[in-house]
Amino acid sequence: SNDTAITILWATQSGRAKACARRTIRLLQSSYGITNIRGRCTFDDMDFLSLGHQQLQQPSSQQQRHFLILFVSTTGDAEQTSSIQKTWSQLLSKSLPNTHFANVNFALFALGDRAYGPDAFCAAGRKLAARMVQLGAKPVCCIGYGDDGSLNGGVFADLDVWLEKELFPVARRRIGVEESSEMAHAQDDDTVIETDLPYEVAIMPPKAKPDSNQDGIQEWQREEYSQYYCSHFKHSCPTTAYQYNHQLKRRVENDAAGDLNNAPLLGRVTVNDRITANDWMQDTRHTRVHVLGKMDTKQLPSPTTNGYQTLPYQAGDVATIIPSNPSSLVERFLSVLPPSIHALADEILHIQYQPNRAGTTIMNHPWPERCTLRGLLTHCTDIQSLPEREDLFALSAYCNSNHTDGKDQRDKLISLSETAGAALYGDYIIREKRNWVDVFYDFDSMCWEDKKDEEGTLLLTISHVLTLLPSISPRHFSIASSPSFMKLQSSSCSNVEEVGFELELCVAIVEGTTPFGRTYTGCCSKYLASITPSGASSPTSSCAEGSDIVRLWIHPGSFSKLPMSPLIEGQDDTTKHRFFKTPVMCIGAGTGIAPLRSLIFEREAQRLSNLGQTVLTSPSNDSDILPDDADNILVFGCRKKVMDYYYGNEWEKLTKSKRLHLIPAFSRDQKHKLYVQRALREANGGELIARHMLEQQGAVYIAGGSKMARAVKDEIVEALGARLDGGEKDAKRLLNKMKRTGLFSIEAWS
């Protein structure tokens with residue numbers, strides 16, 4: 001029988017799965033006239049299990065069948081994203097019958113990156129599909145696989161192939177509609193302009209306009225705007241972000257259910273030092289942030305010590321930061337908007353959001369209800385991002401035909417958005433890094449106003465602009481500091497109790513040049529690099545205002561089960577240099593050193609605390625510690641020792657103190673390149689991996705780029721396979737077991 005209901009859901013970390021869903025929704029509507037599409041949200045935004053409940057209460061002849069179209073991204077080491085974690089936990093419940101989704105048919109498009117290896121590629125989507133089948137759901141077509149590394153559009157190029165060959169043929173059969181040539185070419189007329197917009201904008205009276213000359217105070221920090229910006233920022237809060245009370249004490253996990261305050265933390269940047277050589281090509285920063293409080297304190301629980309953790313965060317956690325756009329870029333974007341909109345840049349806007357009016361899937365969170373256009377563009381919109389093909393299609397409707405080049409520009413935008421124009425899109429947008437500002441500049445007919453007409457012929461209004469622009473995406477950075485070690489150092493340096501707590505980041509500034517010589521920068525890394533630290537701020541001051549204040553959340557990372565149990569005296573006491581029962585090997589390259597530094601110093605802090613010490617001491621014997629005697633082993637790779645050896649002085653000091661066995665890999669310091677995986681393979685006569693993991697039962701943590709992480713994992717599998725009876729099959733089984741217990745984990749990124 002035909003399916004009577006279509007539901008489209010996505011699980012996304014960076015927004016790609018949502019963008020794929022958005023394109024699919026638009027094509028289903030334009031090509032098949034299908035407008036009754038439910039869901040249009042993340043898995044955790046709806047009660048996913050309820051889609052299968054009806055079959056338990058009704059006879060099969062009366063059951064409503066559901067047709068689900070699912071888009072699922074993979075994150076981390078083959079993990080589910082944060083926007084499906086609650087649903088995934090429910091799906092894994094053993095109490096669910098194998099007929100729970102017997103009334104559900106589904107199509108699934110999985111997103112991933114082949115650079116992570118075949119086991120991790122699209123793993124989250126494959127796991128979800130398998131579990132759905134176990135619970136009785138029926139796949140109606142082959143799973144689609146989107147690869148970030150695909151030419152001319154990454155996952156979107158793969159999406160178009162899947163839609164054309166798999167999903168749309170199934171949709172025609174199951175929904176009982178045929179493709180209409182009139183609908184398929186609806187973009188050739190003016191009906192694609194959105195008329196039922198989700199935003200209504202009014203200009204506040206001039207008398208209500210506040211004094212804008214507040215030196216150093218950002219608009220989102222001002223009292224008259226703060227609550228509205230805070231409401232907007234809350235939508236970006238990671239699902240697993242920690243909750244804090246007035247005293248910035250971290251609440252016990254799950255203790256905050258039903259009483260969440262998703263407002264970001266506010267922290268002052270107190271250190272922002274370059275840690276690469278000044279003449280080196282890469283600018284990498286060591287950044288320290290002093291967290292002072294939360295943006296919204298009205299909903300915080302009352303101060304109490306019950307149900308709170310001792311430490312503000314854990315070693316290996318992640319800081320998620322909301323960046324702001326530079327004023328120069330905002331001014332440039334304002335200059336390419338229609339003059340009538342540009343004139344409103346510093347007026348106070350009253351923005352009403354009406355979600356029921358949204359005809360399509362919008363790519364932003366509800367904007368602040370009260371703000372200026374300049375403030376919104378600076379702190380809320382992702383105008384530095386690369387417009388997706390669906391964005392270009394939407395923009396094509398606003399090319400004014402009265403402009404000399406209006407029709408040509410409109411046709412070009414449509415061509416860029418089509419499957420046949422994937423190569424053109426790759427050349428124009430991806431390889432040349434053209435952002436929203438660049439597109440508005442190049443396609444100036446969108447912003448053209450006919451001065452001869454009193455009412456003008458402007459198609460693009462401020463409400464359209466607010467509907468089109470995406471919200472700024474927060475960026476994730478592994479915390480490079482140990483909370484216990486920082487607390488230990490702080491207590492030894494000062495008797496004054498500080499307000500809040502500190503954390504440190506290791507940030508590589510993204511900047512480069514395109515094939516045609518266009519310069520580009522990373523939104524958040526450049527934002528952090530531009531902050532001048534306020535070294536004069538008092539540690540006891542809780543004032544969170546100024547240009548050196550950042551908005552952030554903290555949430556668990558990939559290394560949440562760091563082994564901390566000490567050796568029991570008289571038992572397992574095999575070496576005088578060992579303190580911990582489980583040795584740890586950290587393997588990383590580049591800024592992957594950040595979480596590894598956090599793990600190593602967290603273990604050192606516990607050891608020092610147990611010994612009643614606060615600083616490392618160096619023994620008189622200068623000989624290096626052997627791998628079998630070491631609590632901590634670090635295999636770290638970079639290009640040159642004198643250029644980008646991140647935290648090299650700290651590693652040398654720990655090595656001399658016999659608290660670390662260091663295996664460096666400086667890839668360009670010798671004739672033949674030496675990478676981390678080779679250094680790992682050759683260490684300890686080729687026996688390091690097997691002895692550490694099989695004989696010492698040690699933990700292994702890997703952090704850095706996806707290609708490096710995959711190569712290192714392959715080395716580990718090969719080394720273990722040579723020792724185990726079952727070869728590489730047993731090696732992979734062992735790694736999966738260690739992963740479940742937290743003794744093996746990977747944090748990688750592309």
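**Charged pairs and a helix contact**

Glu504 is buried, with a relative accessible area of 6% (buried means under 20%, exposed over 50% and partly exposed in between, with a 1.4 Å probe and protein chains only). This is a predicted model, in which local features need pLDDT of at least 70 and side-chain atom pairs count only at pLDDT 80 or more, while totals for chains, interfaces and linings use all residues. Residues are numbered from 1 along each chain as its sequence is written, and side-chain values use heavy atoms, with hydrogens and water left out.

Glu504 forms a salt bridge with Arg288, the closest N and O atoms being 2.8 Å apart; a salt bridge is a side-chain nitrogen of Lys or Arg within 4 Å of a carboxyl oxygen of Asp or Glu. Because Arg288 lies in strand 10 and Glu504 in strand 15, the pair ties together parts that are 216 residues apart in sequence (helices, H or I of at least four residues, and strands, E of at least two, are DSSP runs numbered from the N terminus). Arg288 itself is partly exposed, at 24%.

A second pair joins Arg597 to Glu650, with the closest N and O atoms 2.9 Å apart, and it links helix 18 with helix 20. Arg597 is buried at 8%, whereas Glu650 is partly exposed at 25%.
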